[in-house]
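Please keep the sequence and the structure in view while reading.

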Amino acid sequence: MGRQDFMLTASNQRNALTTGFYASTPVQTAFGWAAASDLGPGDLVMTRDMGLVPVAKVHTEHRQALWSVHVPAGALGNAGPVMLPPGQPLLIQTDWAMPFSGDDLALVPATALEGWRGIAPHVPAEAQPVLQLTLDQPAILFIGPGLMAGCDGTDDTVFDLHRLMQFPRRPILPLAAARHMMAQLVADEACEAIIALQAADLRPPPNLS
């Protein structure tokens, strides 16, 4: 929860928390699940709020993330393990999101989930290209399967007020706020587990006679 936030000096001044998907990440499309590397402009992907929408463009980055985030199978309802760049936003449902997002859903950087349900940092043995999928407008994609991830829209979306009003963009929580929310969630689930164990200890032993 207290990982140091590294910054890299670059011409675009981008944070070192890389976003995007690795080549093998499954993405739900009009024809079922496909690896992110198989997608190209025009391919239809399934979104949470807008149904099927076309991919506007795909950009491959060969800049290595400082680490990846390993989401084990079942941690978030995902069928299999998933590896994501640390800055890739994931949609999390919890009542603790209310003060930050106004509802029980929040987009948080994947690295903020480290330490929760077995989710942990992982340093890859070799550099892996990261695919940046861009849609016509920002949306939530189904990946994993079983996970929902934020995906950017084209720059012109910012200037299209009509589309922004139809489908307002869900903001990504800043890393500090996301970690604060997750710390509360981890503590809450730990308390629930302790209460469940105590309740189990208080149950009378089975009658074996």
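Where pLDDT is low, the predicted coordinates should not be read in detail. The chain as a whole averages a pLDDT of 85, and 81% of the residues score at least 70.

Because the model is predicted, local features need pLDDT of at least 70 and side-chain atom pairs count only at pLDDT 80 or more, while totals for chains, interfaces and linings use all residues. Residues are numbered from 1 along each chain as its sequence is written, and side-chain values use heavy atoms, with hydrogens and water left out.

The chain has three helices and 13 strands, taken as DSSP runs numbered from the N terminus (helices H or I, at least four residues; strands E, at least two). Of its 209 residues, 39% are buried, that is, under 20% relative accessible area with a 1.4 Å probe and protein chains only, where exposed means over 50% and partly exposed lies in between. Among contacts with a separation of 6 or more, 62% join residues 24 or more positions apart.

Leu113 touches Leu76, Leu90, Ile92, Val108, Ile119 and Met182, leaving aside residues up to four places away in sequence.

Helix α3 also holds Asp188, which counts as partly exposed because its relative accessibility is 31%. Asp188 and Trp96 lie 92 residues apart in sequence and 9.5 Å apart in space, C-alpha to C-alpha.

The second largest pocket is lined by residues including Arg48, Leu76, Trp116, Arg117 and Met148. Both β8 and β13 supply at least two residues of this lining, and the largest share, four residues, comes from β8.

| Strand supplying at least two lining residues | Residues |
|---|---|
| β8 | residues 89-93 |
| β13 | residues 147-153 |

How values were computed. pLDDT is the predictor's confidence in each residue, from 0 to 100. Contact means heavy atoms within 4.5 Å. On a 1 Å grid over the protein atoms alone, a cavity is a set of points where a 1.4 Å probe fits but cannot get out, and a pocket is an open set with protein on both sides within 12 Å along at least five of seven lines; lining residues have an atom within 4 Å of a point.
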